[in-house]
Amino acid sequence: MSRFVVGRAQDLPPGLSRSVRVGGRRVALFNESGELFAVDEACPHMHAELSNGDLRDGTLTCAWHGWRFDIRTGDGLTRKWARVKTHRLLRSGDELILEILDPTDQGGDSSIDAGSAPEDERK
């Protein structure tokens, strides 16, 4: 597992989302009523940016064609085979920490990472 600092808690207030590049991938971050979520950015349908989608009651709807996903599990609700990879997003003090369980799975693009590892993991 890899951990990355991806911002401050105030950068992701309830009701908002944003996209970050970290761990060799793009990840969409969400705050739904204080609960934090993270999924790989690209929709499996046509690779639209899921951070532009709508998150309500745990259901993420892609802005392009309306495909829906369970934000907690990544399960496809429009098509069962269409899943999104989920990650753990935590708040530690004022920092947002993203945990990527399988950093070797390059589920997003391979652009330069913008996130940085937390102090205890920088070596």
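Thr59 stands opposite Asp70 in β7. Strands here are DSSP runs of E, at least two residues long, numbered from the N terminus. The model is predicted: local features need pLDDT of at least 70, side-chain atom pairs count only at pLDDT 80 or more, and totals for chains, interfaces and linings use all residues. Residues are numbered from 1 along each chain as its sequence is written, and side-chain values use heavy atoms, with hydrogens and water left out.

Strand β6 (residues 59-61) pairs with β7 in the antiparallel sense, over 3 bridges. Two strands count as paired if DSSP finds at least two bridges between them. An open sheet of 3 strands runs in the order β5-β6-β7, with antiparallel pairing. Its edges are β5 (54-56) and β7 (68-70); each has a single partner strand, so one side of each lacks a neighbour in the sheet.

Another open sheet has 6 strands, in the order β1-β9-β8-β4-β3-β2. Its pairing is antiparallel. Here β1 (2-8) and β2 (17-22) stand at the edges. Each has a single partner strand, so one side is left without a neighbour in the sheet. Strand β8 (residues 86-92) pairs with strand β9 (residues 95-100) over 5 bridges. Arg91 stands opposite Leu96 in β9.

Now the cores. A nonpolar core is a set of buried Ala, Val, Leu, Ile, Met, Phe, Trp, Tyr and Cys residues joined through side-chain atoms within 4.5 Å. Buried means under 20% relative accessible area (1.4 Å probe, protein chains only). The largest core has 15 residues. Phe30, Val39, Cys43, Leu50, Leu60, Phe69 and Ile71 touch the most other members. Strands β3 (25-32) and β4 (35-40) each supply at least two residues of this core. Apart from it lies another core, of 14 residues, including Phe4, Leu29, Ala38 and Leu98.

Note on methods: Buried < 20%, exposed > 50% of the residue type's maximum accessible area, 1.4 Å probe, protein only. Helix = DSSP H or I, 4+ residues; strand = E, 2+ residues; numbered from the N terminus.
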